[in-house]
Amino acid sequence: MTESFPTPAPPIVEVQRLSRHFDTKAALDDVTLAIPRGGVFGLIGGNGAGKTTLIKHLLGLLRAQSGSVRVLGLDPVANPVGVLGRIGYLSEDRDLPDWMRVGELMNYTSAFFPNWDDRFAAELREAFDLDGRAKVKGLSRGQRARMGLLLALAHRPELLVLDEPSSGLDPVVRRDILGAIIRTIADEGRTVLFSSHLLDEVERVADRVAIIHQGRIVLTASMDEIKESHRRMTLRFEQPLEEAPPMVGTLSREGRGVEWTYVCSGPEDQLRLAASAIGATVVEEAPLTLDEIFVSRVRT
Amino acid sequence: MRSIPWVMSWAMLRRSPWGLVGALLGANLLPVFLLSALRSAGGVDPNDPAMIIIHVVLSQITAFVLAAALFGSQGPVSGLFCFPASTATIVTWRLLPAMALAAAAVGGSTLAINALYGMDWPVLGPALTVAAALALVQAAFWLTYETWWMFVGVGAAGALIGTWHKAQYGPLSAMPTHYWRTVTAADVAQLLGFAALAWAGAVIGVGRLRRGDRIPSLGLAAWFLGVADRGPLASRRFRSGEAAHDWCEWRRKGWVMPAIVLLYMTFGVFGWLLGDRDSRELVNGLIAGGGALTLLGLLGGLVFGVSGANGFPIGQFLATRPITSGRMAWSVLRALARSVLTAWLIWLVALLIALAALWTDGFDLRQVQPSLAWWHFPLTLIGPWIVSAPIASLCLAGSEKRFSQTICAVTGVLIAGLAYGTFALSDEARQVFQQLSAALVGVACLGGTAAVTVLARRRKLVDTPVLIAAACTWLLLTGGVLLATADLGAAWPMTILGSGLAALAVAPAAAAPLALSLNRTR
């Protein structure tokens, strides 16, 4: 399912038929994805689904074996300075130079970015409760995550790429600070791409979502459309059934006897027509959470 | 049978079986090579007093290699902390199987050498000593782990057992005078005492690590580090990303080579002051030290070439800095050059001071080192660079496997060539072989440099001015090689070899950016 593109502006990220194999394992398999400018784009998938591999291609850390990658209209491998200078990136492993002090790391990083905002960086350091003289090596996991976030944000990047940003952050920072930052950046017209497997978080902040599973994009759409087009329907049949009959748009079904629950994807009226076509009446209908949609999508 | 001793022994052997086999072969390679060469020259005489020295030195090297391999194959002790076993049990079954294996390996190696070369080297004493040494060093390691005392502790434990071992062969302050033929009850008691001391220390050390306790400290090291770490750098602003990365490379790695030279000089001068204080000996030592700078280049290359926090692959933080791979690689090379130059200057200043002392004593350099040529001095600077910069470039490619394969292949070819030339050829044929080999190595260096330059150029990683500067530098160095070979009266293959080595001095200008770009984008 792919919704029509929300803006006429060229996408900030454009991936065309990208494939990547590690030995015999396909980490990315014919991935095509466009991320529009502005807003928050959530990339969700289980462990080993290919999220980090895709992000590494966007940063030019992996060369496309087939297909193409354009970020801000540029090839990140051919033009690393042009791309990386306009991206803020928080890596999943929070890889930072341990031997530096927080203040030194801020000074070091600021030298690479002409747009570095000292005042904003100082505000963030204050908000994240980081001591400028502390060694990076001595920072806790959560503090490292906040440090990485500070470095990614302080030059006000056009595209902010956050790989599992919540990992290591305590619930307060995650909900209040991270959420606020992501929304602020999006409201300023900039773009946030973040990968996560915490689906409640994605549901809370993302405007658009792509689900990646086993190296393939299985769904890309706006959050509203995803929510609208997925529902749980409880169907009643006239006779008890050993096995529920298949229905158009069904992602999964379970139950027994005369009542069966279907998780479906598609317009409501069409699903109702499909239900009557198999001799069932809809007795209950409920929206799905992103978590439920994700599970039903990756199980099919 | 499933038991703690069994699984711990199994884990030690299973973790790195080929590493252990490699260490066993490697530890015996030097004695075999040396004794084969001596036998080929008719120099193996079991009764020769020099053989005692060779035995003592070789047995200590063999013991060190085997013990280090066994220690490495056991993995970190912290992996055992969550098992329901007492600290004493963990320590006992970490030490005993490793001690038994080390003793068996050293004993077996000595027996094999005795059988192969008709020697009568003592077996039991060195075998028991290596077992005690392994326990002592492990105990010192655990007692001082993750503190600045680790170097002192491990060094002191090694020195204690090494000195004790040496004392079995004659007076401590003189060359060995006899073999350690009989292991007396007193020797066994002392070795058992070492082992018991090691066990007790290891239990205390591992217990501390298991509880997460810090070692009692006066805070001297922390104070010193704090003082050394202060300064204007923390608040320094950089004019560009490249300048920031220059600072990063120098601050993180630049001190290593100068610090080692300084340490070496300090120990050397200290030893000289304790000895006969003959200025000629001091100058000789420093001249030899100048040659050793080239060996130090091996370490320097490794230090500067490893770009990741946990190994050769570049970390995501560094890889995502908006700077080209060429500029980043040049930062590494600039810092390395600065480090080599600083180390060399420290050596040069020390040499000048020693020469002044020599002059005061009424001697001059010609009297002390009559064969010393003019090119020795520039070579002490260029040598470390020729070694360190290509090794750094190789490491920058980001693959430990490729690096190990290259080093093993080069070492293997060198040893095979040396062995072939030494044992399989007549004197005349050997000369031709050596000259051909020299020419071949030179051509390989020149060809390799040309190839990496073309590749780097195709990827737009080197600019034309850099290429011109590199070519001019190579021509200048080759000119120096021509003068030096003429001075030595060496044959033309040596000139080709020299020219090839000169190419290695400039090859990193293209090789380092190429390697880093491969590391950065996989």
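A:Glu292 is partly exposed, with 30% relative accessible area (buried means under 20%, exposed over 50% and partly exposed in between, using a 1.4 Å probe and protein chains only). The model described here is predicted, so local features need pLDDT of at least 70 and side-chain atom pairs count only at pLDDT 80 or more, while totals for chains, interfaces and linings use all residues. Residues are numbered from 1 along each chain as its sequence is written, chains are lettered from A and ligands numbered from 1 in the order in which they are written, and side-chain values use heavy atoms, leaving out hydrogens and water.

The partner of A:Glu292 is A:Arg232, and the closest N and O atoms of this salt bridge are 2.3 Å apart (a salt bridge is a side-chain nitrogen of Lys or Arg within 4 Å of a carboxyl oxygen of Asp or Glu). A:Arg232 sits in strand β10 (residues 230–241) of chain A and A:Glu292 in helix α10 (residues 290–299) of chain A, so the pair ties together parts 60 residues apart in sequence. Helices (H or I, at least four residues) and strands (E, at least two) are DSSP runs, numbered from the N terminus. A:Arg232 is also partly exposed, at 24% relative accessibility. Over all chains, the rule counts 24 salt bridges.

Turning to where the chains meet, 30 residues of chain B are in contact with 34 residues of chain A, contact meaning heavy atoms within 4.5 Å. The size of an interface is often given as the accessible area lost when the parts come together. Here about 2,800 Å² is buried between chain B and chain A, with carbon and sulfur atoms giving 59% of that area; buried area is the accessible area (1.4 Å probe) that two parts lose on being put together, summed over both. On the side of chain B, B:Gln316, B:Phe317 and B:Pro322 lose the most area to chain A, together 26% of what that side buries.

The rule finds 2 salt bridges across this interface. B:Arg251 and A:Glu104 meet through their side chains in a salt bridge (2.9 Å, N to O). The elements giving two or more residues to the side of chain B that touches chain A are α9 (241–254) and α12 (316–319) of chain B. Of these, α9(B) gives the most, with 7 residues.

At 1.5 Å a residue, its 14 residues should span 20 Å, and its end C-alpha atoms are 18 Å apart, which agrees; the expected span is 1.5 Å times one less than the number of residues. Because 11 of its 14 residues are buried, α9(B) is largely enclosed by the rest of the structure. The buried residues include B:Trp247, B:Cys248 and B:Arg251.

The side chains of B:Glu242 and B:Arg327 meet in a salt bridge (2.7 Å, N to O). This pair links distant parts of the chain, helix α9 and helix α13 (residues 325–360) of chain B, 85 residues apart. B:Glu242 forms a salt bridge with B:Arg334 as well, the closest N and O atoms being 3.0 Å apart. Here B:Glu242 in helix α9 and B:Arg334 in helix α13 of chain B are 92 residues apart. B:Arg327 is partly exposed at 46%, as is B:Arg334 at 33%.
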